[in-house]
Amino acid sequence: MELQNPFETLLAETLDARGRSPRTQETYVWMLRLFGRFVTKPLDQATPDDIQAYQRHLTTERKVGFSTFNQTTCALRFFYRECLNKDWDIKRMPYQKKRRVLPDILAPEEVTAILDACTNLKHRALLMTSYSGGLRLSETLGLVPSDIDSKRMMIRVE
């Protein structure tokens, strides 16, 4: 990536001096470049309000995901704190929380199709136990035979 201005050069050199990967350097420089196109003043004169306006722009206009949003925030925080030594209140440049997507509830036919597709008896028993007990992956992996009480039809989850 060709650096277009002294701010991009400063950011790339600072990232390199801190041992950040070339990919991180490229990404942060690109994020800074996009921010530079958004603000109407030199980057060293931008304020936390400009960054907040850009964050609003990212979510409302560009509709970026939380990961791009947070990566941009990291790049701008790094640039202004580490390169330009701005002592800004970091709370004015917040991160987004990851959106939690609830899993789909499978129809009985879909569950049957999944279980029927499993030809290995051990794998099928594991899937049936996990699904019927509503176990998470880590809980399923932690099961031992003594956790299953087949007389009372109960599973002990630790």
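A search of the whole structure finds zero disulfides, a disulfide being a pair of cysteine sulfur atoms within 2.5 Å. Select Cys 83 to begin: it takes part in no disulfide, and the nearest cysteine sulfur, that of Cys 74, is 14 Å away. Cys 83 is buried, with a relative accessible area of 12%; buried means under 20% relative accessible area, exposed over 50%, and partly exposed in between, with a 1.4 Å probe and protein chains only. Cys 118 may be selected as well; at 16% relative accessibility, it also counts as buried.

This is a predicted model, in which local features need pLDDT of at least 70 and side-chain atom pairs count only at pLDDT 80 or more, whereas totals for chains, interfaces and linings use all residues. Residues are numbered from 1 along each chain as its sequence is written, and side-chain values use heavy atoms, with hydrogens and water left out.

**The nonpolar core**

Next, select Leu 11, Phe 35, Leu 43, Ile 51, Leu 76, Phe 79 and Tyr 80. Of the 25 residues in the largest nonpolar core, these touch the most other members. A nonpolar core is a set of buried Ala, Val, Leu, Ile, Met, Phe, Trp, Tyr and Cys residues joined through side-chain atoms within 4.5 Å. Helices α1 (6–17), α2 (22–38), α3 (48–60) and α4 each supply at least two residues of this core, and α4 gives the most, with seven residues. Helices (H or I, at least four residues) and strands (E, at least two) are DSSP runs, numbered from the N terminus. As background, nonpolar side chains tend to be buried together in soluble globular proteins.

Centre the view on Phe 35. Residues up to four places away in sequence aside, Phe 35 touches Leu 43, Ala 46, Asp 50, Ile 51, Tyr 54, Leu 76 and Tyr 80; contact means heavy atoms within 4.5 Å.

Phe 78 is buried, at a relative accessible area of 8%. With residues up to four places away in sequence not counted, Phe 78 touches Leu 11, Thr 14, Leu 15, Arg 18, Arg 20, Tyr 28 and Cys 83. A distance drawn between the C-alpha atoms of Phe 78 and Leu 11 spans 8.5 Å, although the two are 67 residues apart along the chain.

Select Asn 85, in the loop between α4 (66–83) and α5 (108–117). Asn 85 has a positive phi of about 55° although it is not a glycine. The residue is exposed, with a relative accessible area of 62%.

**The largest pocket**

Display the surface around α5 and α6 (121–133), the elements that give two or more residues to the lining of the largest pocket. The largest pocket holds about 220 Å³ of space. On a 1 Å grid over the protein atoms alone, a pocket is an open set of points where a 1.4 Å probe fits, with protein on both sides within 12 Å along at least five of seven lines, and lining residues have an atom within 4 Å of a point. Grid points are joined across faces, edges and corners, and the volume is the space filled by probe spheres set on the points.

To show the lining, select Asp 104, Ile 105, Leu 106, Val 111, Ile 114, Leu 115, Leu 127, Ser 130, Tyr 131, Gly 134 and Leu 135. By class, this lining has eight nonpolar, two polar and one charged residues. Ala, Val, Leu, Ile, Met, Phe, Trp, Tyr, Cys and Pro count as nonpolar, Asp, Glu, Lys and Arg as charged, and the others, Gly among them, as polar.

Val 111 is buried, with a relative accessible area of 15%. Apart from neighbours within four places in sequence, Val 111 is in contact with Leu 106 and Tyr 131. The C-alpha atoms of Val 111 and Met 128 are separated by 9.3 Å, at 17 residues apart along the chain.

**Helix α7**

Select Thr 140 in helix α7 (residues 137–141). Thr 140 is buried, at 10% relative accessible area. Its contacts, leaving aside neighbours within four places in sequence, are Leu 126, Ser 130 and Leu 135.

**The second largest pocket**

Finish at the second largest pocket, with about 150 Å³ of space. Strands β1 and β2 are the elements that give two or more residues to its lining. Select Thr 129, Ile 148, Asp 149, Ser 150, Met 153, Met 154 and Ile 155 to display that lining. Four of these residues are nonpolar, two polar and one charged.

The last stop is Met 153, in the loop between β1 (148–149) and β2 (154–155). Phi of Met 153 is near 55°, a positive value in a residue other than glycine. At 72% relative accessibility, Met 153 counts as exposed.
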